[in-house]
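Take a look at the picture, then read on.

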Amino acid sequence: MRRPLRIIGIDPGSIRCGYGVIGWQDGRIWIVEQGVIATEQAEGLSAKLSLIFEQLQSILHKTKPDEAAVESSFYARNAQALVKLAQARGVVLLSLGLARIPVIEYTPSEVKQAITGRGNAAKGQVHYMVYRLLSDEDTGQKVEQSRFYDVSDALAVALCHVFRRYRVDSQRPRTWREFIEQFPDRVLTPLEVGAGRRS
């Protein structure tokens, strides 16, 4: 039996940086830790970036991931936001590099395809499927769901890495289409999916 592998997924952001560490062993997947690094109270971009770096270093030291998954491209509403996002992403990559953690990058469409079966899926669908995939119906174990998309997006990147690199074979549905086919009575309406899920 191989030892458990830990993968950290990160959704970079200068205001909220989501992270999720998952464990994987012999087809089993579980959450080790999830959360968000919030920088709203820090004054100025340099203070925000310093906070992300310090807290991420602490998270890496505590959870000791073997590999990291980060989205390879990003979108921002304007040029100024894009620059800030790029700088936050640079801090994340620096932190992982200093910790000697291998980084694999995935495009947003690759992540959505791996989690929902659709490369243009809405964030609500990604959030819902992430926690469906990480809950264990056999044991009745439920996982605590974060209200932030930043966290579910980070977990989605980590799950995408496991599915693509290690080709996890699970009886549970791994795509939105498979879930609909197996559990048509559990599909939420667009209003139910979107309600209260603003990050």
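In α3, which covers residues 108-116, the buried residues include Val111, Ala114, Ile115 and Thr116. These residues lie on the same side of α3, because the arc they cover around the axis is only 165 degrees. As a bit of background, an α-helix has 3.6 residues a turn, so residues three or four places apart point the same way. Just after α3 comes glycine 117, with a positive phi of about 85 degrees.

Now for the wider view. Keep in mind that this is a predicted model. The protein chain has seven helices and five strands. Follow the sequence and you'll read the pattern β-β-β-α-β-α-β-α-α-α-α-α. The chain is 199 residues long, and 46% of them count as buried. Looking at contacts with a separation of 6 or more, 66% come from residues 24 or more positions apart.

How do the helices pack? Two packed helices are described by the angle between their axes and the distance between the axes.

| Helix pair | Axis distance | Angle | Crossing |
|---|---|---|---|
| α1 and α2 | within 10 Å | roughly 30 degrees | right-handed |
| α3 and α4 | 9 Å | about 50 degrees | left-handed |
| α4 and α5 | within 9 Å | roughly 60 degrees | left-handed |

Take α1 (residues 45-63) and α2 (residues 79-98), whose axes cross at roughly 30 degrees. That angle makes α1 roughly parallel to α2. On the α1 side, the contact is made by Leu45, Leu49, Ile52, Phe53, Leu56, Gln57 and Leu60, while α2 brings Lys84, Gln87, Ala88, Val91, Val92, Leu94, Ser95, Leu96 and Leu98. Sorted by class, this contact of α1 with α2 has 12 nonpolar, three polar and one charged residues.

Back to α3, this time with its partner α4. The two pack at an angle of about 50 degrees, and α3 and α4 are therefore oblique to each other. Lys112, Ile115 and Thr116 of α3 make the contact with Gln125, Val126, Met129, Val130 and Leu133 of α4. By class, there are five nonpolar, two polar and one charged residues in the contact of α3 with α4.

The class count for the contact of α4 with α5 is 11 nonpolar, three polar and two charged residues.

Two residues of α5 are worth a visit. Tyrosine 149 is in helix α5, which runs over residues 149-166. Is tyrosine 149 buried or exposed? Its relative accessible area is 9%, so tyrosine 149 is buried, the cut-off being under 20%. Tyrosine 149 and valine 36 sit 113 residues apart in sequence, yet 9.8 Å apart in space, C-alpha to C-alpha.

The other is histidine 161, also placed in α5. Histidine 161 counts as buried because its relative accessibility is 0%. Which residues does histidine 161 touch, not counting those up to four places away in sequence? They are Ile7, Glu67, Ala69, Ile104, Tyr106 and Tyr166.

How values were computed: Residues are numbered from 1 along each chain as its sequence is written. This is a predicted model: local features need pLDDT of at least 70, side-chain atom pairs count only at pLDDT 80 or more; totals for chains, interfaces and linings use all residues. Side-chain values use heavy atoms; hydrogens and water are left out. Helices (H or I, at least four residues) and strands (E, at least two) are DSSP runs, numbered from the N terminus. Buried means under 20% relative accessible area, exposed over 50%, partly exposed in between (1.4 Å probe, protein chains only). Axes are lines fitted to C-alpha atoms, for helices over the stretch in contact, and angles run from 0 to 180 degrees between N-to-C directions. A crossing is left-handed if the near helix is turned anticlockwise from the far one by less than a right angle, and right-handed if clockwise. Ala, Val, Leu, Ile, Met, Phe, Trp, Tyr, Cys and Pro count as nonpolar, Asp, Glu, Lys and Arg as charged, and the others, Gly among them, as polar. The arc is that of the directions from the helix axis to the C-beta atoms. Contact means heavy atoms within 4.5 Å. Angles under 35 degrees count as roughly parallel, over 145 as roughly antiparallel, 65 to 115 as roughly perpendicular and the rest as oblique.
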